[in-house]
Amino acid sequence: MAIQNLLSLNFLVPFVAAKLDFSRAIRGLRGMPRRLLLVGHKLPAGNLAVNLLVTVSTESDAVLRFGEGSQLVAMWRAAKANADYGLTIDCLAIATAGGAAAAQTTLALTNTAGPTAGLLQNGEVPIYIGGVRVAVPVTTTDTQATVATKLINAVNALVQLPVTAAATANPNEVRLTCKWGGPSGNDVDVRNLYFFDDRMPQGLSITTPAMTGGSGNADLTPMVTAMAGYRATEIVCPFTDSTTMALLEAEMAARWAATNMQDGQVVNCVRGTEGALTTWFAARNSPHVHTIAVTKDATNPWETAAMAGARIESMALIDPAVPHTGQPLAGYRGPSAGNHWTVDQMNNLLVMGGSPLAIAPDYSGSLLRMVTNYDQTVTGAPDRSMAELCWIKTMSYYRWYHVTEFQTKYSGFKVAQYQTEPIVGQEIMTVDLVEEIMLGLYQTFIDAGLCQNMAFYRDTLAVEIDGANGKVRIRDEPVLVTQHYQTEITSFVVAGAV
């Protein structure tokens with residue numbers, strides 16, 4: 001068999017040339033580089049400037065760069081707790097809007113024995129902030145004012161909380177203020193009791209109005225600029241206003257284009273009633289965004305999104321086609337008993353493009369079924385072709401694998417439009433060679449449990465050589481291995497002898 005020359009035939013000086021070619025060194029599947037990007041607010045204590053991409057691998061680095069109690073540090077902790085080894089976590093701090101207002105709420109304590117009287121019994125007073133329990137011991141010598149002071153001190157002692165506490169003109173009140181400005185602070189959950197065995201001392205009660213007043217949407221345009229030439233396969237973004245969503249949807253659509261291929265997906269979390277969420281989903285239709293839909297849970301939505309993003313991308317590192325059903329979200333605190341979605345509500349959300357969670361009796365949560373925001377064509381016809389996240393993840397990997405296969409192994413080949421038989425020793429792209437490559441790759445995907453039906457794939461594979469323009473054109477129809485979500489069993493019962 002002929003072997004390609006390494007030296008010109010006109011080079012006559014005695015010489016030894018040895019070429020090392022690693023283009024075929026790796027056999028079988030290659031792992032696609034995957035990165036999780038967390039986008040959120042930092043605090044002034046963080047020493048990293050905004051709009052800079054940085055890889056964060058340790059908790060101490062996260063605190064140093066973004067400030068303890070910041071949105072980004074909380075997101076990093078949530079993601080790290082749910083990330084497998086091998087998943088890189090990047091972060092990008094976004095500035096709060098100029099003049100943004102911070103969300104607040106004022107807790108009020110009431111002692112039935114009287115505002116200056118001691119409590120009727122010893123015990124403890126708990127409150128929950130973003131799912132974190134803050135409890136102070138109290139005795140019958142305490143008044144409602146001294147209990148309020150204890151709570152203020154306890155909240156401020158937990159520097160990882162997203163709020164600070166302060167007194168007001170009324171001694172029985174505790175004012176909580178989000179550490180950053182903007183509407184995301186309105187989603188910090190504040191409540192008095194959570195678990196079924198939480199108890200207040202007799203005669204003492206606390207009102208816990210929802211956080212409110214946070215305003216001033218952040219501008220994510222600098223994020224898009226900072227991501228030029230950078231690819232994150234899963235992006236966690238806590239901002240869900242229409243302007244931000246339109247910006248992200250347009251950017252991700254551009255990255256999925258055939259001439260860009262820096263594709264990834266955005267994950268976020270929205271909390272509210274069924275009516276509020278279906279209204280939000282009605283305005284969204286991107287196959288590149290998937291949204292966790294929650295109600296009455298205790299965990300901050302940006303942390304829930306970070307948990308989900310880390311679990312989803314950790315699974316994709318191993319197998320992008322495995323369904324996400326049953327994957328636990330470590331650290332998540334869901335709605336208390338009787339406050340979760342009903343089955344009908346969960347189904348309505350899934351149809352609309354939302355992904356509810358499964359809630360266990362201990363209020364922990366796990367992924368149920370991940371769908372994208374896509375539910376209809378541009379003309380308004382119902383369409384689920386890009387609704388399943390596993391399909392999107394699988395095809396992202398499929399495209400990357402095929403593109404890099406040609407880039408690493410077949411760069412520098414010639415093309416022969418009319419050549420049917422390979423010329424020994426020549427690196428020439430022919431129709432037969434391209435078909436052989438594509439069928440070999442497809443068999444690799446079949447063996448990995450990602451694709452199926454080789455006969456159909458072979459019959460529908462089309463290859464053209466455009467010699468004049470130095471192009472190879474391929475059209476294929478991969479048949480994906482899909483996900484098992486439902487089982488139907490019909491039993492015909494026979495009683496007695498047959």
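Helix α9 gives five residues to the lining of the second largest pocket, the largest share from any element. This is a predicted model, in which local features need pLDDT of at least 70, side-chain atom pairs count only at pLDDT 80 or more, and totals for chains, interfaces and linings use all residues. Residues are numbered from 1 along each chain as its sequence is written, and side-chain values use heavy atoms, with hydrogens and water left out.

**Second largest pocket**
- Its volume is about 440 Å³.
- A pocket is an open set of points on a 1 Å grid over the protein atoms alone, with protein on both sides within 12 Å along at least five of seven lines; a cavity is a set where a 1.4 Å probe fits but cannot get out; lining residues have an atom within 4 Å of a point.
- Grid points are joined across faces, edges and corners, and a volume is the space filled by probe spheres set on the points.
- The lining has 16 residues, and H402, F406, M438, V472 and I474 lie nearest the centre.
- Both α9 (389-409) and β20 (471-475) supply at least two lining residues.
- Helices (H or I, at least four residues) and strands (E, at least two) are DSSP runs, numbered from the N terminus.
- By class, the lining splits into 10 nonpolar, four polar and two charged residues.
- Nonpolar covers Ala, Val, Leu, Ile, Met, Phe, Trp, Tyr, Cys and Pro; charged covers Asp, Glu, Lys and Arg; the others, Gly among them, are polar.

**Largest pocket**
- The largest pocket has about 540 Å³ of volume.
- Of its 22 lining residues, F413, I423, G425, Q426 and E427 lie nearest the centre.
- Helix α10 (residues 431-447) brings the largest share of this lining, three residues.
- This lining holds 10 nonpolar, five polar and seven charged residues.

**Cavity**
- The whole structure has one cavity of 30 Å³ or more.
- The largest cavity is lined by A293, V294, T295, Y332, P335, H340, W341, L357 and I359.
- Strands β13 (289-294) and β14 (354-359) are the elements that give two or more residues to this lining.
- Seven of the lining residues are nonpolar, two are polar and none is charged.

**Helices α6 and α8**
- Helix α6 (residues 274-282) packs against helix α8 (residues 343-352) at about 10°, with axes 10 Å apart.
- Therefore α6 is roughly parallel to α8 (angles under 35 degrees count as such).
- Axes are lines fitted to C-alpha atoms, for helices over the stretch in contact, and angles run from 0 to 180 degrees between N-to-C directions.
- E274, L277, T278, F281 and A282 of α6 meet Q345, N348, L349 and M352 of α8 (contact means heavy atoms within 4.5 Å).
- The contact residues are five nonpolar, three polar and one charged.

Note on methods: Angles under 35 degrees count as roughly parallel, over 145 as roughly antiparallel, 65 to 115 as roughly perpendicular and the rest as oblique.
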